[in-house]
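This note sets out points for a colleague who is meeting the structure for the first time. Please read it with the model open alongside.

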Amino acid sequence: AFSEAGAQFMVRGEPERAIEVFTLSLGLRPHDYNTLSGMLSAHTALGTPDEAAEVLESALAARPDDIELLAMLANAYLEAEDAKAAERVVTALMVREPSNYTRFVDVALLFLKSGKTDDAVRVRHRPELQRVSHGHGIPRRLNGELQHQVRAAGRGPRKPGGGLQVAKRA
């Protein structure tokens, strides 16, 4: 019932009240996916997804192999724009469910957004991503986005033939 009330507060545009109710709900059912998802949505609406990540980390500590919790936590860190934490969680998620390899694209793009081109390139070349994405064009699409972002930031020279070269920092 609390989870449904929290969802209603979200529908009415009252994420603060939704968080209060979701918190009550988690006191009764600490691993309820609907409540945890609602909590993430409410915190995201308030611009505080990092607070939802803390709640999800606690839930995950009790259920470390829970794929749903890992997926929610990855979303929380992506929303919080915490690329390092997102990479850590996406790695754990992919170990359990390899079809989540496309989330590395989001992680790399987040590194790019924060100006960490070297980290974005490192993620692009992760062995896990290379192994599972073969034939799906993910590295190629990510490489294209990396090239675009690097050129836009003026951080790397264009190589004839379109290859990505990241300028070495002094």
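**Notes on the predicted model**

1. At 45% relative accessibility, E81 counts as partly exposed; the cut-offs are under 20% relative accessible area for buried, over 50% for exposed, and partly exposed in between, with a 1.4 Å probe and protein chains only. E81 is placed in the loop between α5 and α6. Although E81 is not a glycine, its phi is positive, about 60°.

2. The model is predicted: local features need pLDDT of at least 70, side-chain atom pairs count only at pLDDT 80 or more, and totals for chains, interfaces and linings use all residues. Residues are numbered from 1 along each chain as its sequence is written, and side-chain values use heavy atoms, with hydrogens and water left out.

3. Helices are DSSP runs (H or I, at least four residues), numbered from the N terminus. After α3 comes G47, with a positive phi near 80°.

4. Which residues of α3 are buried? They are T35, L36, G38, M39, L40, A42 and H43. Their cover includes α1 (2–11), α2 (15–28), α4 (49–62) and α5.

5. Axes are lines fitted to C-alpha atoms, for helices over the stretch in contact, and angles run from 0 to 180 degrees between N-to-C directions.

6. The axes of helix α6 (residues 83–96) and helix α7 (residues 103–113) come within 10 Å and cross at roughly 170°. These helices are therefore roughly antiparallel to each other. On the α6 side the contact includes A83, V90 and M94, and on the α7 side F104 and L110 are among the residues involved. The contact divides into 9 nonpolar, 1 polar and 3 charged residues.

7. In the loop between α6 and α7 lies P98, which is partly exposed, with a relative accessible area of 40%.

8. The structure holds 10 salt bridges, each a side-chain nitrogen of Lys or Arg within 4 Å of a carboxyl oxygen of Asp or Glu. One of them joins the side chains of E57 and R88 (2.8 Å, N to O). E57 lies in helix α4 and R88 in helix α6, so this pair ties together parts that are 31 residues apart in sequence. Another links R96 and D65 (3.1 Å, N to O). Here R96 is partly exposed at 31%, whereas D65 is exposed at 58%. Salt bridges that share partners also join E87, D119, R122 and R126 into one network.

Technical notes. Helices (H or I, at least four residues) and strands (E, at least two) are DSSP runs, numbered from the N terminus. Contact means heavy atoms within 4.5 Å. Angles under 35 degrees count as roughly parallel, over 145 as roughly antiparallel, 65 to 115 as roughly perpendicular and the rest as oblique. Ala, Val, Leu, Ile, Met, Phe, Trp, Tyr, Cys and Pro count as nonpolar, Asp, Glu, Lys and Arg as charged, and the others, Gly among them, as polar.
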